[in-house]
Amino acid sequence: MTLDVPLREPVSPVPVGPVPGDPAPSRRPGLVHALVHGRGLVGLVLVGAVVLLGILGPLLAPYGPTEQVPGANLLGPTAGHWFGTDELNRDILSRTLYGIRADLVVVFAAVPVGAVLGVLLGLVTSWWSVTDVVAQRVFDLLLAFPALILGILLTAFFGPGLLTVGIVIVALEVPVFGRLVRTAVRTVREMPFVEASQVVGAGPAWVLRKHVLPNSLEPLTVQLAVSMSVAVFIEGAMSFLGLGVRPPDPSLGSLIKDGVRLLHEAPFFAVGPLAVVVALVLGLLLISQSLSEARRA
């Protein structure tokens, strides 16, 4: 006995991909896109303007940073002295332009050095349990010291100066970036593609370089912008307490300190340096916010 079963045409597979006429799927905005639009662009302009003033400071400054102008004692803003002069007849605009360089060294040298050291320590120590425990206790010890207390402690060994400020910032940034990379290592090493790489013989160095580090770039970039803004405050606070750049060399923090000291005699003194600090910090914060929003999108 045979059954006559009618033949049916095979069902065509469900098409994969967008259907013609449908709107294109939205793509996640990248970090570069966030920097050239909206608040990120405003932050780049502010930071770029301050950096440009610092680089071109010797060309734009009408006087030297320690040059004394005869008869110009605590003058207010004039056509010849836009920011006025101090009690030693020095032009505040010139000292501000030269003082920007100290903050730029701290922001664009000390913070990246601390970030690189933290990333390397986080990558190397987080893969093995023993080294991870030791590194985390060292990070806890560094984070236990407030920035100013650590600055006072290091000043006792190295003396006041820009080098001491840089060492303080490096010491504070190493545990921040080290813990950030440690989180990425703990997350990525449990992924199936990492286990598959280890099955075919990939070692820890290859996995860290090819999988962990690329997956950590976005949070590291956001943290770098945040740490740069914090570094400006640390330099200003240490210079305000006399632990930063040594007189007569200028820095934005020391200029603000002198402005506070002469607030009653010359209330205009700190306006220029303070405006530069606000522009630099605001620009870095806008950049970090834009990067953070792009990462969460």
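Student: Why is Arg 137 called partly exposed in this model?

Tutor: In this predicted model, Arg 137 has a relative accessibility of 48%. Buried would need under 20% and exposed over 50%, so a value in between counts as partly exposed.

Student: What makes Asp 86 and Arg 90 a salt bridge?

Tutor: Here the closest N and O atoms are 2.8 Å apart, and the cut-off is within 4 Å, so the pair passes. Asp 86 is buried, and Arg 90 is buried too, a word that stands for under 20% relative accessible area.

Student: Why does the salt bridge of Arg 261 and Glu 87 tie together parts that are apart in sequence?

Tutor: The two side chains meet at 3.1 Å, N to O. Arg 261 lies in helix α11, whereas Glu 87 lies in the loop between α3 (57–60) and α4 (92–125), so the pair joins parts that are 174 residues apart in sequence.

Student: Are these two partners buried or partly exposed?

Tutor: Arg 261 is partly exposed at 47% relative accessible area, and Glu 87 counts as partly exposed at 27%.

Student: Which residues are linked with Glu 87 in a network of salt bridges?

Tutor: Asp 258 and Arg 261 are linked with Glu 87 in that network. For the model, the count comes to six salt bridges by this rule.

Student: Where does Asp 258 lie in the largest pocket?

Tutor: Asp 258 is among the residues nearest the centre of the largest pocket, along with Val 245, Arg 246, Pro 247 and Ser 254. The pocket has a volume of about 220 Å³ and is lined by 14 residues. Helix α11 (residues 252–261) gives the most to this lining, with three residues.

Student: What makes up the lining by class?

Tutor: The lining has six charged, four polar and four nonpolar residues. Asp and Arg count as charged, so Asp 258 and Arg 246 are in the charged class.

Definitions and conventions:
Residues are numbered from 1 along each chain as its sequence is written. This is a predicted model: local features need pLDDT of at least 70, side-chain atom pairs count only at pLDDT 80 or more; totals for chains, interfaces and linings use all residues. Side-chain values use heavy atoms; hydrogens and water are left out. On a 1 Å grid over the protein atoms alone, a cavity is a set of points where a 1.4 Å probe fits but cannot get out, and a pocket is an open set with protein on both sides within 12 Å along at least five of seven lines; lining residues have an atom within 4 Å of a point. Grid points are joined across faces, edges and corners, and a volume is the space filled by probe spheres set on the points. Helices (H or I, at least four residues) and strands (E, at least two) are DSSP runs, numbered from the N terminus. Buried means under 20% relative accessible area, exposed over 50%, partly exposed in between (1.4 Å probe, protein chains only).
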